[in-house]
Amino acid sequence: MNIIATIGPRNCKPYAIDQIIKGGCNFVRINLSHGNYDDIENTVLYIRKNYKDVKIIMDLQGNKIRVSKCLKDVFKITLGEIVYFCSEDDYECVLKEKRTSNIIPLNIKKQMILDNKGYKKIYMKDGTMEFDVLEVSKNYIKAMTKIGGIVRAEKGCNLPGINRTSWSMTKKDIHDISFALSNEADVICYSYCSYYNQCVEFKEAVFKSIKQFGKIPKLWGKIETKEGIENIRQIANELDGIVIARGDLVPETGLFNIPLIQEKIIYTLKNTKKEIIVATSVLSSMKYSVRPTISELTAIYNLLKSGITGFMLTGETTVGKNSSEVVKTLSASIKYYERILNKGTKKTKRL
Ligand SMILES: Nc1ncnc2c1ncn2[C@@H]1O[C@H](COP(=O)(O)OP(=O)(O)OP(=O)(O)O)[C@@H](O)[C@H]1O
Ligand SMILES: CC(=O)C(=O)O
């Protein structure tokens, strides 16, 4: 069973890396959306030098929508406040027109917003901030804050219903692929993998650069949209594994649907040899506590029985207060349940 721990601001120093690896993870994930190449390279060198058996996953940002880096300030918004979302191209113009600071530029082109006018909701920060759409005009989306919070550049946003069919790999992803290959990543993971064509484009981009670097990484796709779920069979056929990225699936599909989506994906892939990784909110309570909840352990036990091949810790290790305890708890609970599930059999059977 794979235990993947994400490196972030709280666990990127050597001592913290030692702790999570000794805690029991066999994969370290580096999210290329954050951090800079020099720091990442140092982390990779440290892991390679000290932990030969630990594998490295580099995660491409893909077509993730974020608050644009051109946002001028950090500000707080509260229930009932009106905000305007716009493309980067229209930011200056909407600032002048609306004369309010509640303008949130997104890292997408104007046409991408206009391709769909049926938006009802916009979410931010894995769905923890929520906005009701009031109006879609030619250069902004006017919305009312339902659940507020802090708005700052680079926060993840979700516009469920946005039409992604014509979106292709970004320049950043192409650049990040070369970086991942030059650092001999064991796995490259493509976020927002939604369509068969995107998998083909991803593979082509990797194999085009691979000649220069040699080592062939495994390629995984992160499923975080309705389209990704609908196309799961075709996506999985093209790649070595998939990650059920529950953080973004919440705003994209609705919180109550997560267990159903999880079940559907695991059932669809159960007789394949593909990696099936469950990510995010595996042990969320341990961001602030040293003990897991009964519900978290119940979910881990049931996921093991269902035949997944790994767990990916995200916020629990990147920003949580107890990253090494989280990894230790996950590792110990997996060992404990696997011993029981394997009694009488050699391996955990997929249901
Ligand atoms: N290297 C880093 N530097 C700064 N912040 C980071 C870094 N890595 C992670 N974070 C922060 O931790 C949060 C959780 O990161 P993680 O990679 O686990 O989840 P994610 O949902 O894939 O992140 P994101 O949606 O931002 O790509 C991020 O949203 C970001 O705020
Ligand atoms: C890991 C990730 O990207 C998510 O859960 O959304």
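This is a predicted model: local features need pLDDT of at least 70, side-chain atom pairs count only at pLDDT 80 or more; totals for chains, interfaces and linings use all residues.

Modeller: Residues are numbered from 1 along each chain as its sequence is written, chains are lettered from A and ligands numbered from 1 in the order in which they are written, and side-chain values use heavy atoms, with hydrogens and water left out.

Colleague: Thanks! How far is the polar side-chain atom of K64 from an oxygen atom of ligand 1?

Modeller: Fifteen residues are around ligand 1, and R29, N31, H34, K64 and R66 come nearest; a residue is near if one of its heavy atoms lies within 4 Å. For polar contacts we take pairs of N or O atoms within 3.5 Å; within protein, one must be able to donate a hydrogen and the other to accept it, and residues adjacent in sequence count only if both atoms are side-chain atoms. A side-chain N or O atom of R29 is 2.9 Å from an oxygen atom of ligand 1, and a polar side-chain atom of T318 lies 3.5 Å from an oxygen atom of this ligand. For K64, the distance is 2.6 Å.

Colleague: What percentage of the area that ligand 1 exposes when taken alone does the protein buries account for?

Modeller: A polar side-chain atom of T318 lies 3.5 Å from an oxygen atom of ligand 1. Taken alone, ligand 1 exposes 590 Å² (Shrake-Rupley method, 1.4 Å probe; for residues, only the protein chains shown count as cover). Of that area, the protein buries 70%.

Colleague: On to ligand 2: which helix gives the largest share of its shell?

Modeller: The residues surrounding ligand 2 are R29, K222, E224, A245, R246, G247, D248, T280 and T314. Five of these shell residues are charged, three polar and one nonpolar. Helices here are DSSP runs (H or I, at least four residues), as are strands (E, at least two), numbered from the N terminus. The largest share, three residues, comes from helix 9 (residues 246-253).

Colleague: How much of the accessible area of ligand 2 does the protein cover?

Modeller: A polar side-chain atom of T280 lies 2.5 Å from an oxygen atom of ligand 2, and a backbone N or O atom of G247 lies 2.9 Å from an oxygen atom of this ligand. On its own, ligand 2 has 210 Å² of accessible area, and the protein covers 90%.

Colleague: Why is helix 9 called largely enclosed, and how many of its residues are buried?

Modeller: Buried means under 20% relative accessible area, exposed over 50%, and partly exposed in between (1.4 Å probe, protein chains only). R246, G247, D248, L249, P251, E252 and T253 are buried in helix 9. Helix 9 is largely enclosed by the rest of the structure because the buried residues number seven of the eight.

Colleague: What is the volume of the largest cavity?

Modeller: On a 1 Å grid over the protein atoms alone, a cavity is a set of points where a 1.4 Å probe fits but cannot get out, and a pocket is an open set with protein on both sides within 12 Å along at least five of seven lines; lining residues have an atom within 4 Å of a point. Grid points are joined across faces, edges and corners, and a volume is the space filled by probe spheres set on the points. The structure holds one cavity of 30 Å³ or more. The largest cavity has a lining that includes F85, C86 and K110, and its volume is about 40 Å³.

Colleague: Last one: is Y192 buried or exposed?

Modeller: Y192 sits in the loop between strand 13 (187-190) and helix 6 (196-213). Its phi is positive, near 60°, in a residue other than glycine. With a relative accessible area of 1%, Y192 is buried.

Conventions:
Ala, Val, Leu, Ile, Met, Phe, Trp, Tyr, Cys and Pro count as nonpolar, Asp, Glu, Lys and Arg as charged, and the others, Gly among them, as polar.
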